[in-house]
Amino acid sequence: VKLDVKKELVSRSDRVKALDVHDDEPWLLVALYKGTIDLWNFNTKEVLKSFEVCDLPVRAACFVERKEWIVAGADDMNIRVFNYNTTQKVKVFEAHSDYIRSVTVHPTLPYLLTTSDDMLIKMWDWEKDWSNVQIFEGHTHYIMQSAFNPKDSMTFASCSLDKSIKVWSLNAPQPNFTLEGHTKGVNTLSYFAGGEKPYLLSGSDDKTIRVWDYQTRACVQVLSGHSHNVSCVAFHPTLPMILSGSEDGTLRLWHTSTYRQENCLNYALERLWCLAISSNSNRIALGYDEGMVMIKLGSDEPVASMDPSGKIIVAKHNEIQMFNAKALAEEGVVDGERILLPAKDLGHCEVYPTSLKHNHGGRLVAVCGDGEWIIYTALAWRNFAFGSALDFVWGRESNTYAIRESSNKIKVLQKSKEKGECRPPYNIETVFGGRLLGVKATPTDGFICFFDWETCRLIQRIDESPKAVYWNEAGDLLILACEGSFYVVRYNAAAVSSFIESGAEESAVCENAFELVTSVSDDVASGHFVGDVFVYTTQGNKLTYWVGGMSETVQHLDRPMHIIGYMATQNRLYLVDKSNNIITFKLLQAVMEYKACVARNDFDAAQSLLESIPIEEHNRLARFVDARGFKELAVELATEDEYKFELAIALSKLDLACDIVERSQIDHQWRQLGDLALTHSRFDLAEKAMIRGKDVNGLVLLYSSMGNADKIRELAEMAKTEGKNNSAFLSLFLLHDIDGCLDLLCQTGRIPEAAFMARTYAPSRVSSIVKMWKEDLSKVNEKAAEALADPDEFSNLFPDIELAKKAEKLVLALREKEGGLKPATAYKEWRDQELLTLNLLEEAKKLEVEETPEEEAAEEEVEAPAASPDSFKVKEEAAVKAETKVENVVEKSDDAQLASAIKSSLTISEEVSKEEEKEEERSAEEAMTKLEIPAAVAASLSSSYAAASIPSEESQE
């Protein structure tokens, strides 16, 4: 039997005395001589949990899956039960008066068998609080192991160092019969679970393995080869193999039919004590003196095949069954779930099948295994032809096939007659069928050669080492499935025909035979072509198909499954799992053909297929053609509004996008549409979309660019309603609504910012806001609140506050006179005027700086009845200087009234009395009311005393 052995897990540890593999989870139980149990995940290769059992050796442990338990027996004579999810100890009880050698769980009943050095077997019922319901007596030495009969669970067998094997019934304390033949103590035993053979296996200290027929009670075969005590044996549940482990450190594999030793494995970890076999894979765990090893034998791929008409043939061991997929009723079928099909027993196969495959027409089935091949008729299962071979593959024609007779010889036969042979100058690992005969060299050589079926001459060599080769129905496309990736290759049949007809030398190859289409980083586990679409499963348990350079995942699978065929009449793909369960998925052939046509840029053919494709599949097609760059076609196919909107935006189809979002009314789509409309100067649509999408920031940009003060005012209210305070603040600031800005800051709890802004833009409101600030701050820190200074109370701490208030009044008077703000277009008329940069507050400060020390002294003499003539002279000189400076500024202006007003507003007379100062202020105000100053200038005067910048959006956030 050809079996690849792959080492998957190695762990060095203390001596391993017991192993068990979980039936459903990827878990391995490892019982150690030091008194602990480790729970491994063999997929991730890590220890999940560790159980401290006792300080003495743990010789026996196993899973109880239906109770989520681990049961362990140790040298302290106690049985311990743990919950493997919570690690909680469920039960501890003393089971025997000597070391416990094994624990065995009944497959269906709540029973546990324990064997011990006290020469007793005890049965415990966990539903009766672990009461001892039966004691089995009869052995005269240590009892090493027990095992339930899988074909009759009411009986079990035990082995002992008294050299005997005894078979018992659960309801009787005495044995039914005894098998004797070993010359030394018997350490281990195992029942055969498959087929009809009533066999029992045993291993002994006499270094032999014996196969017993427990019905005739005769020894069928004695297997010799170990050089030390045999410590563990087992029948493999799916492979035709007997496994035996020995204290000589080797694991030996024996064929169940020929009893010939097939392999001998030694991992140099000293004595081998125990083994465990996974029930749903070909994994085997081995326990040694110095650690544990997990290996995998052969492949997990089921032996099954399906013909084009839907007949499925499955091999389980040597038994052959046929299922008819035509009988599948569409009602109630769930994709990915096991389906029940009527089965027909075809009989037995003379060899243990490792491969099974229909020919091209489906009338014949070839089985290969045990170094032989047999061709059967598919319906009657009659032997059609047979022979010796290591591999068998079908050719493109129904009656043509090839066999690999040895590592360097291949024969091609047609209708059982030899047609030719190939003797390549390298060692052959395997062969592949299809349009050409593929011959794969050993991995050390790392290449594959393709030969013509008719002439058996070499066509081309490809320097890759694929594990499988798949051809499409037309024979012009093939997949080379390698480790971790696969290659899509196009075959040029015309070039090959010309090459063969040219009569080229035997050593020559056809250089144009293959053309690499693409490579895909996916590890193919099984595959099948549907037209030009390659459907495959991956090692990561995904069902995927490749078409036109793209891979699309159909389904994530919950376990490994292998594709066996596709029925076009049902639009269904069929798969088989390791347990030979048949699973199906619906894959519309029209959809896959449409994608293949698009990949070939054959849009007329694709359009003709569209009518036969259900409308619910159109959106998936749209995504496919979109990924290939055909967005115009994608937007026609798309049925999902959200996806269609994305395509419309990408294609700048504004009206289509507007129609879609009118139906969906999704805010973020309105905002997307607004941004796109703005870039295409569709301002009406942009405004509509931004309003619908409540895109306040976009509206600020739009309205401020348009200079629409009324819209900005509406936007400010909208932003407040939506809680967009930053945008509301910006809108108010653009309107020069300083009071509105301050009120907004106070309403949103930003009182400190309001106070600083008022100091700059509205000095008259500083005092009231500071009062609010103190009141708010006193709730948190009263001392800090008291430290705040109010300008009304501490004017000495606020230089020029009074002067700033006068400037504020001047600007407000100008703005009121002109009736508010003017359009931004008026800026052109004033952009070259120096008045726009005139800072009234700075000019006033300069006037104060020019005062002489004598004038300052005169100001301090508050009670003096009159000022001295010298002080008047100084004041008069300062006033003349100020007037001259202003004249220099306003000479360039054409507005005489404006110049006169500014001169009068800057006239300062320090020697007048308080009553005269008030009168002077009233005169200035009356003069301002008579002015006809353009609003643009009034607005510029507002900025003339601005000392702080507007808070940005980022700082506000």
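How are α6 and α8 oriented to each other: roughly parallel or roughly antiparallel?

## Helices α6 and α8

This is a predicted model. Helix α6 spans residues 641-650 and helix α8 spans residues 667-679. Their axes come within 11 Å and cross at roughly 10°. Angles under 35 degrees count as roughly parallel, and α6 and α8 are therefore roughly parallel to each other.

The α6 side of the contact is Glu642, Phe645 and Ile649. These meet Gln669, Gln672, Leu673 and Leu676 in α8. By class, the contact has four nonpolar, two polar and one charged residues.

## Helices α7 and α8

Helix α7, residues 654-664, also packs with α8. The angle is about 160°, and the axes are 10 Å apart. That makes α7 roughly antiparallel to α8. The crossing is left-handed.

From α7 come Leu654, Ala657, Cys658, Val661, Glu662 and Ser664. They meet Gln669, Trp670, Leu673, Leu676 and Ala677 in α8. This contact has eight nonpolar, two polar and one charged residues.

## Nonpolar cores

The largest nonpolar core has 37 residues. Those with the most contacts inside it are Val535, Leu543, Leu573, Met592, Tyr594, Val625 and Leu637. Helix α2, residues 589-599, gives the most to this core, with seven residues.

Leu543 has contacts beyond four places away in sequence. Among them are Val535, Tyr536, Val554, Leu557, Ile563, Leu573, Leu575 and Phe585. Leu543 also touches Thr537, Glu552, Thr553 and Gln555.

How values were computed
Residues are numbered from 1 along each chain as its sequence is written. This is a predicted model: local features need pLDDT of at least 70, side-chain atom pairs count only at pLDDT 80 or more; totals for chains, interfaces and linings use all residues. Side-chain values use heavy atoms; hydrogens and water are left out. Axes are lines fitted to C-alpha atoms, for helices over the stretch in contact, and angles run from 0 to 180 degrees between N-to-C directions. Helices (H or I, at least four residues) and strands (E, at least two) are DSSP runs, numbered from the N terminus. Angles under 35 degrees count as roughly parallel, over 145 as roughly antiparallel, 65 to 115 as roughly perpendicular and the rest as oblique. Contact means heavy atoms within 4.5 Å. Ala, Val, Leu, Ile, Met, Phe, Trp, Tyr, Cys and Pro count as nonpolar, Asp, Glu, Lys and Arg as charged, and the others, Gly among them, as polar. A crossing is left-handed if the near helix is turned anticlockwise from the far one by less than a right angle, and right-handed if clockwise. A nonpolar core is a set of buried Ala, Val, Leu, Ile, Met, Phe, Trp, Tyr and Cys residues joined through side-chain atoms within 4.5 Å. Buried means under 20% relative accessible area, exposed over 50%, partly exposed in between (1.4 Å probe, protein chains only).
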